[in-house]
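Please read it alongside the sequence and the model.

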Amino acid sequence: MDTRVARAGQRAAGTRSRRRRGLAVGALALAVGASVAGLTIDRDPGPDPRRTPAASPAVQAAPDPPVATTLPPPPELPRGGRRLFPRYTVVGFYGMQGLDVLGDGPPEQVAERLLEVAGPYARPGHPVMPMFELIATVAHPFPTTSGLYRTHQEDEIVQRYLKAVRRIKGVLVLDVQPGRDDFLGPLRHWERYLREPDVGIALDPEFAMGPGQVPGRQLGRTNAAAINRASAYVAGIVRRHRLPHKLFMVHQFRDSMIGDKAKIVIRPGLAMTWNADGYGVRSAKLDDYRSYTRDRRFHPGLKLFYENDVDLMRPREVLKLKPVPRVVNYQ
């Protein structure tokens, strides 16, 4: 994993640097005119006891027309509907510019390649939702200007990947490697994108560092409290902006990375997914997958590595797993 982090840092180093006024006016004019004439205006003279007027029916003003209060329909997912699961199977590419499969060429070409890879995962009643998982907040094995050992991608890069995945009616997931920052810092930075109906989030505890730790030298870890703060923040955005279910993914490949998973809160509006992120021999990958999917509160996810997996699983083999992964991302 040191090599992957170092490569990510090197690639990102060059790119660093969301109304009735008629009566009132008439009365005012009358008052002014009377004042000039030396008269006194009785605003409520009441009935004149010297007169006994004939009774007349009361005249009522016509009611104001109703005011339209209908809200526009809420936004949907790129391929229709407002819930990701269980309808869709999300299939995506992971990485960043110049790194891993997502960075292996211009985003527009990578998007077309993704459609080819994702096609075999479509099943009756379960269409595919393409995904770009872009490393948007990048951890580095050296101090950065902020002192947090992480930088954010430039907006131009994020916008280009978002534009490319929108062309194939897919979703963009912003992957967060927080370094010494809390997850909330990057989430606030990326809120303008999280307000969009087709942008999700992924948390990468591997790069969540404690004081004195350096990404790539120590394996990061997080806890339920940090994840709950992050999920509450994103769920609030979904609620305020009436967004469809938003993908909220957590990566893990070692038990030590998250010790109190049972305390994590499931938030309305979020498609909370646990992604088995380990690579290597198939037996070890499947052991991790079975372990991480025991908690059925979370949607199951699986990452496949083109270069590091021994005997890379084919789509038909992935679809035979129990439970069937709802997110499959390639690195």
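The protein chain has an accessible surface of about 17,400 Å², of which 53% belongs to carbon and sulfur atoms (Shrake-Rupley method, 1.4 Å probe, with only the protein chains shown counting as cover for residues). The model is predicted, so local features need pLDDT of at least 70 and side-chain atom pairs count only at pLDDT 80 or more, while totals for chains, interfaces and linings use all residues. Residues are numbered from 1 along each chain as its sequence is written, and side-chain values use heavy atoms, with hydrogens and water left out.

**Chain overview**
- Of the 331 residues in the protein chain, 49% are buried (under 20% relative accessible area, 1.4 Å probe, protein chains only).
- The chain contains nine helices and nine strands (DSSP runs numbered from the N terminus: helices H or I of at least four residues, strands E of at least two).

**Helix H8**
- In helix H8 (residues 282-292), the buried residues are Lys285, Leu286, Tyr289 and Tyr292.
- These residues line one face of H8, because they fall within an arc of 135 degrees seen down its axis (directions from the helix axis to the C-beta atoms).
- Their cover includes strands E6 (246-252), E7 (270-276) and E8 (299-304).

**Leu194**
- Leu194 belongs to helix H6 (residues 191-194) and is buried, with a relative accessible area of 0%.
- Beyond residues up to four places away in sequence, Leu194 touches Leu187, Val199, Gly200, Ile201, Val234, Ile237, Leu243 and Lys246 (heavy atoms within 4.5 Å).
- Leu194 and Ile237 are 43 residues apart in sequence, with their C-alpha atoms 7.3 Å apart.

Note on methods: Buried means under 20% relative accessible area, exposed over 50%, partly exposed in between (1.4 Å probe, protein chains only).
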